Amino acid sequence: MTDPIYKTDALIAENIEQYLETHQHKTMLRFITCGSVDDGKSTLIGRLLYDSKMIFEDQLAALEADSKRVGTQGQEIDFALLVDGLAAEREQGITIDVAYRFFATEKRKFIVADTPGHEQYTRNMVTGASTADLAVILIDARKGVLTQTRRHSYLVHLLGIRHIVLAVNKMDLVGYDQATFDRIVADYRAFAGSIGITEFTPIPISGFKGDNITGPSANTPWYDGPTLLPYLEAVEVDATVDQDKPFRLPVQWVNRPNLDFRGFAGLIASGTVRPGDEVRVLPSGKTSKVARIVALAGDRDLAVAGESVTLTLADEIDCSRGQVIVAAKSPLEVADQFEASIIWMDEAEMVPGRGYWMKIGTQTVTAKVSHPKYEINVNTQEHLAAKTLDLNSIGVATLTTDREIPFAPYADSRDLGGFILIDKLTNHTVGAGIIHFSLRRATNIHWQAVDIDRDHHAAMKHQKPAVLWLTGLSGSGKSTIANAVERKLARMNRHTFLLDGDNVRHGLNKDLGFTEADRVENIRRVGEVAKLMTDAGLIVITAFISPFRAERDMVRAMMQPGEFVEVFVDTPLTVAEERDVKGLYAKARSGQLKNFTGIDSPYEAPENAEMRIDTTAMTPDEAADLIIARLIP
């Protein structure tokens, strides 16, 4: 006779297995809650977790205790505390960070992102919205449509979220008044239409009281539309849309566990793939056929969008991380110049012309953002003139990468059309953006082949081209040393050209000022000129303050390996100020001269310069001899 305990254990195991099997095949909905500060986003999520029975007894006990200690609802449960996890959030009763929570009902699984309402944390909202299928935009029934409501709605539309719920919250505080609800819906509909939102679902709710959350409320007999949770369970998120698109797989990793296996691993962004399919690797354009589809459980006959797999190819072709494997007959476009919408997310304003790391798909490249074509006023949709973008600004600009990259417009693919910008010095994420299209000049302008190349020019001059880049504070002695170097090289019958910081501002760069953006453009132009001169076989000597490492590195990247020699003319500020031949430090100290390096604008000293010259320990001629010895051993 079988022990009843074992029968019970077997029954429990069977029930768990059935539950897990059912749970595994539920569809997943990712959604965000957003809106203005204190519209009740966290309270709503807490209520959803509570009503869907996703709170354990010990969590509920802790919530009841916390509600009495730091809650904002008197002696009643403060559901917002379930997601406001930071101490600062609980103290202030606001959301600062993005909080992700998982919950499930019998019909569907959910991941919800609680995003902050304060304007200063708009960047956090963008983070939460970037992966969402649906947005719940909350409005406080007492306040109506506010600036942040408009801003978040614009961002939701910009980021391609098609399903929008307009949750008019705190209806209990306006006596469940239908006229208030209708007025808010009408105001929002007028605004939504102006930015291209054609459909949304308005629902009157009270996150605190639970009205119209899981079922119809007796307090709103005049409302006969869907309630929130049933709507979230039923809304159609077509998981097969990406599968119907052409095949794209951004390569994350080249998998080579042994000499006999070489596979390309990644998450399929769109389409389907089978063994034998013809594919193309971009940007190289090399073609091959899929030999195997390898997954955790073994080889597959089919893989679809959203699955992570490893592909092996029939031919040994070059393919590495960042490249994209696509259907051979439906290749992606490849370009290096784009129009893009950019959301700036850093305290420091964007510097046009500066090189930032751009991460798009699995590839990372250097990208420069031009001066914005315009900044967008999210309240009026006006296009405003702007020289740059500051924190939480949204603008449209031209983006140029240091090499051609495969991409898709964001409207076609989030994975291959969305990107982030990273500051090279701090590694902070400073911006996020979406690509609209490539610029025609990116495909219409080509390099013209010439018979006399740079090697021929150098051979004619019997010298190796080089750029001697002298950098340091004003008054450090750069120009004096640079002049001495050129004079000595001329005596050696070397072909040179001296580019001096002051001289180029009389012509080539006379239109530039001394703001950070103008200084970046100043160095970019000089770098391009120096590159042309090295192509002509010249030894180029430059004397520029060039205060920012990023721009000196930008010029270094323009040159052939080994041709750029950074010379740090290291002079203490006090010594440079004592010299002050031009009287500039005195003007800067008195406030007559703004953005002066060393006084009210920073100088970033080189960290790995090829040479360091201490002008307090040697004469200009001695420094010049040292530089020439480095150049011509």
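This is a predicted model: local features need pLDDT of at least 70, side-chain atom pairs count only at pLDDT 80 or more; totals for chains, interfaces and linings use all residues.
The chain comprises 18 helices and 29 strands. Of its 633 residues, 50% are buried. Contacts between residues 24 or more positions apart make up 72% of those with a separation of 6 or more. No disulfide is found anywhere in the structure. C34 is buried, as its relative accessibility is 0%. C319 also counts as buried, because its relative accessible area of 3% falls under the 20% cut-off.

In soluble globular proteins, nonpolar side chains tend to be buried together. The largest nonpolar core in the model holds 41 residues. Within this core, the residues with the most contacts are I32, V156, L166, Y188 and I394. The helices that give two or more residues are α5 (122-129), α6 (147-158) and α7 (178-195). The strands that do so are β1 (27-35), β4 (134-140), β5 (163-169), β22 (394-407) and β24 (429-438). The greatest share comes from α7, which gives seven residues.

The surroundings of I32 can be listed in detail. Residues up to four places away in sequence are left out of this list. I32 then touches A113, T115, M125, G128, A129, A132, L134, A135, V136, V156 and I161. One of these, V156, is also among the residues with the most contacts inside the largest core.

Two packed helices are described by the angle between their axes and the distance between the axes. The axes of α6 and α7 come within 10 Å and cross at roughly 40°. The pair is therefore oblique. Its crossing is right-handed. On the α6 side, T149, R150, S153, Y154 and H157 take part. They meet Y188, F191 and I195 of α7. Y188 is also listed among the residues with the most contacts in the largest core.

Helices α12 (residues 478-491) and α18 (residues 620-631) pack with their axes 8 Å apart, at an angle of about 55°. This angle makes α12 oblique to α18. The crossing is right-handed. From α12, the contact involves T480, I481, A484, V485, R487, K488 and L489. From α18, it involves P620, D621, A623, A624, D625, I627, I628 and L631.

V520, I523, R524, G527, E528 and K531 of α14 make the contact with E551, M554, V555 and M558 of α15.

V467 lies in strand β25 (residues 466-471). It is buried, with a relative accessible area of 0%. The C-alpha atoms of V467 and G527 are separated by 9.5 Å, although the two residues are 60 residues apart along the chain. Neighbours within four places aside, V467 is in contact with A530, T534, V540, T542, M559, E563, F564 and V565.

Several backbone features fall in loops. Most residues other than glycine have a negative phi, and most peptide bonds are trans. Y176 has a positive phi, near 55°. It is found in the loop between β5 and α7. Y176 is buried, given its relative accessible area of 15%. N212 likewise has a positive phi, of about 55°, and is not a glycine. N212 belongs to the loop between β6 and α8. Its relative accessibility is 2%, so N212 counts as buried.

T220 links these two residues through contacts. Leaving aside neighbours within four places in sequence, T220 is in contact with Y176 and N212. T220 is found in the loop between β6 (201-204) and α8 (228-234). It is buried, with a relative accessible area of 2%.

A cis peptide bond joins L282 and P283, with omega about 15°. P283 is placed in the loop between β11 (278-282) and β12 (286-295).

Definitions and conventions
Residues are numbered from 1 along each chain as its sequence is written. Side-chain values use heavy atoms; hydrogens and water are left out. A disulfide is a pair of cysteine sulfur atoms within 2.5 Å. Buried means under 20% relative accessible area, exposed over 50%, partly exposed in between (1.4 Å probe, protein chains only). A nonpolar core is a set of buried Ala, Val, Leu, Ile, Met, Phe, Trp, Tyr and Cys residues joined through side-chain atoms within 4.5 Å. Helices (H or I, at least four residues) and strands (E, at least two) are DSSP runs, numbered from the N terminus. Contact means heavy atoms within 4.5 Å. Axes are lines fitted to C-alpha atoms, for helices over the stretch in contact, and angles run from 0 to 180 degrees between N-to-C directions. Angles under 35 degrees count as roughly parallel, over 145 as roughly antiparallel, 65 to 115 as roughly perpendicular and the rest as oblique. A crossing is left-handed if the near helix is turned anticlockwise from the far one by less than a right angle, and right-handed if clockwise.
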